[in-house]
Amino acid sequence: MCRSIKTLRPPVLPEEATEEDIRAAALQYVRKVSGFRAPAAHNREVFEQAVEAVAAATAELLGGLEIRGVTQRAG
């Protein structure tokens with residue numbers, strides 16, 4: 001569906017995905033789903049809320065994934 005969204009989990013992205021990477025992916029997803037590159041003023045708030053919700057869900061997903069064969073770094 002969203003071919004321009006890059007995979008953010010190891011080993012595709014060897015370093016940890018940054019908040020910027022996660023937000024960019026969330027923005028691309030919301031743009032694709034809504035059909036708007038930039039929302040009109042009357043839709044801006046709900047658009048931004050969706051981006052934040054998708055970014056939070058993405059961060060939670062990435063934080064919970066266990067990737068076999070990838071050594072986790074000590075934090």
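Predicted model: local features only at pLDDT ≥ 70, side-chain atom pairs only at ≥ 80, totals over all residues.

User: What else does Arg23 form a salt bridge with?

Analyst: Glu52, with the closest N and O atoms 3.2 Å apart. That pair also links distant parts of the chain, as Arg23 is in helix H1 and Glu52 is in helix H2, 29 residues apart. Glu52 is partly exposed, with a relative accessible area of 43%. Put together, Arg23, Glu48 and Glu52 make up a network of salt bridges.

User: How many salt bridges are there in the whole structure?

Analyst: Three. One of them joins Asp21 and Lys6, where the closest N and O atoms are 3.7 Å apart. Asp21 belongs to helix H1, while Lys6 is in the segment before H1, and the two are 15 residues apart.

User: And how exposed is each end of that one?

Analyst: Asp21 has 18% relative accessibility. The cut-off for buried is under 20%, so Asp21 counts as buried. Lys6 is partly exposed, with a relative accessible area of 47%.

User: Let's zoom out. How many helices and strands are in the chain?

Analyst: Two helices and zero strands.

User: Start with H2, then. How many residues does H2 have, and what span does H2 reach?

Analyst: H2 has 21 residues and runs 30 Å from its first C-alpha to its last, close to the 30 Å expected at 1.5 Å a residue.

User: Which of the H2 residues are buried?

Analyst: Phe47, Val51, Ala55 and Thr58. Looking down the axis of H2, its buried residues fall within an arc of 70°, so they line one face of the helix. Those buried residues pack against H1.

User: What's on the face turned away from that buried side?

Analyst: Exposed residues: Glu45, Val46, Glu60, Gly63 and Gly64.

User: What about Ala53, where does that residue lie?

Analyst: Ala53 is in helix H2 too. Its relative accessibility is 47%, so Ala53 counts as partly exposed.

User: Now H1. How many residues, and which are buried?

Analyst: H1 has 16 residues and spans 22 Å from first C-alpha to last, close to the 22 Å expected at 1.5 Å a residue. Its buried residues are Asp21, Ile22, Ala25, Ala26, Leu27 and Val30. They pack against H2.

User: What follows H1?

Analyst: Gly35, which has a positive phi, near 85°.

User: On to the inside. Which residues make up the largest nonpolar core?

Analyst: There are eleven: Leu8, Leu13, Ala17, Ile22, Ala25, Ala26, Leu27, Val30, Phe47, Val51 and Ala55. Helix H1 (19-34) and helix H2 (44-64) each supply at least two residues of this core. H1 gives the most, with five.

User: Last bit, some whole-chain numbers. What percentage of the residues count as buried?

Analyst: 21% of the 75 residues.

User: And the accessible surface, what does that come to?

Analyst: About 6000 Å² for the protein chain, with 53% of that belonging to carbon and sulfur atoms.

User: How about contacts between residues well apart in sequence?

Analyst: Take the contacts between residues at least 6 apart in sequence: 63% of them join residues at least 24 apart.

User: Great, that's what I was after.

Technical notes:
Residues numbered from 1 in each chain as written. Heavy atoms only, no water. Core = buried A, V, L, I, M, F, W, Y, C linked by side-chain atoms within 4.5 Å. Buried < 20%, exposed > 50% of the residue type's maximum accessible area, 1.4 Å probe, protein only. Helix = DSSP H or I, 4+ residues; strand = E, 2+ residues; numbered from the N terminus. Contact = heavy atoms within 4.5 Å. Areas by Shrake-Rupley, 256 points an atom, 1.4 Å probe, with all protein chains shown as cover. Salt bridge = Lys/Arg side-chain N within 4 Å of Asp/Glu carboxyl O. Expected span 1.5 Å × (residues − 1). Arc of directions from axis to C-beta.
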